[in-house]
Amino acid sequence: MPYKSMVPHLTRLEHLKVLFQSHAGSVVRVTSPGSEPAAQIRPVVIDPASRRFLLVPDPGMSSVVWSVPTRPMRPGESLRRAAVRQLRRELRMPAPRIAPVIGRIPSSGQRRHEEYFVLVAPAGRAWPCDVSVLLAPGARWWETAELRDRDVQVKPEVLLDLIDGYWEGWLPDGVISLE
């Protein structure tokens with residue numbers, strides 16, 4: 001597939017390179033020549049056995065809005081490596097397994113960076129400890145139906161569609177646009 005049809009808003013002259021690889025390899029690599037990160041990683045910790053995922057209260061909001069933590073990616077770092085770095089090294093979480101579906105929100109308007117929502121499951125059948133206490137203060141396990149039934153605010157709202165699509169198996173493997 002030609003480069004421009006894969007990523008129409010980027011050109012080779014901008015020195016940004018995005019490689020889409022199969023699930024067997026590192027899923028996406030984002031590189032930027034500047035000191036500012038080209039993208040942000042947003043690991044979504046999931047529990048496939050109970051079909052729940054972890055959200056944290058968004059500290060930047062006046063009312064209670066739930067979201068997932070955001071961290072800048074390092075230049076040249078793959079999504080897999082960025083998610084593992086954040087979870088294993090920074091938060092001391094047990095070994096994760098990166099799911100084959102990744103959500104992408106492109107930069108636009110007030111959002112200066114692309115955001116990648118990486119679904120992260122336990123390496124084994126279940127998380128060996130309560131990972132909610134490692135993720136952030138106030139982190140809580142949720143089901144998408146519970147969030148919708150209670151009309152709980154989630155940022156971004158399309159995160160619920162990404163999770164449902166993953167649980168139900170109707171999303172293809174790879175990077176999925178969430179715009």
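**Reading the model**

Guide: Let us begin with the largest pocket: strands E3 (39-47) and E4 (52-57) each contribute at least two residues to its lining. Strands (E, at least two residues) and helices (H or I, at least four) are DSSP runs, numbered from the N terminus. The model is predicted, so local features require pLDDT of at least 70 and side-chain atom pairs pLDDT 80 or more, while totals for chains, interfaces and linings use all residues. Residues are numbered from 1 along each chain as its sequence is written, and side-chain values use heavy atoms, without hydrogens and water.

Visitor: How much space lies in the largest pocket?

Guide: Rolling a probe the size of a water molecule over the atoms shows where empty space is left. A pocket is an open set of points on a 1 Å grid over the protein atoms alone, where a 1.4 Å probe fits, with protein on both sides within 12 Å along at least five of seven lines; lining residues have an atom within 4 Å of a point. Points are joined across faces, edges and corners, and the volume is the space filled by probe spheres set on them. Here the largest pocket holds about 390 Å³. It is lined by 18 residues, of which Arg42, Asp58, Ser67, Val68 and Thr70 are the closest to its centre.

Visitor: Which classes of residue make up the lining of the largest pocket?

Guide: Nine of them are nonpolar, three polar and six charged. In this scheme Ala, Val, Leu, Ile, Met, Phe, Trp, Tyr, Cys and Pro are nonpolar, Asp, Glu, Lys and Arg are charged, and the others, Gly among them, are polar.

Visitor: How many helices and strands are there in the protein, and what share of its residues is buried?

Guide: The protein has five helices and 10 strands. Of its 179 residues, 47% are buried; the term means under 20% relative accessible area, against over 50% for exposed and partly exposed in between (1.4 Å probe, protein chains only). Among contacts (heavy atoms within 4.5 Å) with a separation of 6 or more, 64% are between residues 24 or more positions apart.

Visitor: How many aromatic pairs does a search of the whole structure find?

Guide: Two are found. Trp66 and Trp142 form an edge-to-face pair, with 5.2 Å from centre to centre and 70° between the planes. Trp66 belongs to strand E5 (residues 66-67) and Trp142 to strand E9 (residues 140-142), so the pair ties together parts 76 residues apart in sequence. Trp66 is buried, with a relative accessible area of 11%, and Trp142 is buried at 2%. The ring centres of Tyr166 and Trp167 are 5.6 Å apart and their planes stand at 50°, so this pair is tilted. As to the rule, rings of Phe, Tyr and Trp (its six-membered ring) pair if their centres lie within 6.5 Å; planes under 30 degrees apart are stacked, over 60 edge-to-face, and the rest tilted.

Visitor: Is helix H5 mostly covered or mostly uncovered?

Guide: H5 (residues 158-168) is mostly covered, with eight of its 11 residues buried. Those residues include Leu159, Leu160, Leu162 and Ile163, and both Tyr166 and Trp167 are buried as well. The buried residues of H5 pack against E3, E4, strand E7 (96-105), strand E8 (114-122) and helix H4 (144-149). Just after H5, Gly169 has a positive phi of about 80°.

Visitor: Which residues are in contact with Gln86, leaving aside its neighbours within four places in sequence?

Guide: They are Ile41, Pro43, Pro69, Arg71 and Leu91. Gln86 lies in helix H2 (residues 79-90) and is buried at 1% relative accessibility.

Visitor: What is to be noted about the backbone at Arg51, Asp151 and Pro156?

Guide: Most residues other than glycine have a negative phi, and most peptide bonds are trans. Arg51, in the loop between E3 and E4, has a positive phi near 55° and is partly exposed at 40% relative accessibility. Asp151 also has a positive phi, about 55°, and is exposed at 69%. Asp151 lies in the loop between H4 and H5, and Pro156 lies in the loop between H4 and H5 too. A cis peptide bond, with omega about -10°, joins Lys155 to Pro156.

Visitor: What distance separates the C-alpha atoms of Pro106 and Glu179?

Guide: It is 7.5 Å, although the two residues are 73 residues apart along the chain. Pro106 lies in the loop between E7 and E8 and is buried at 9% relative accessibility.
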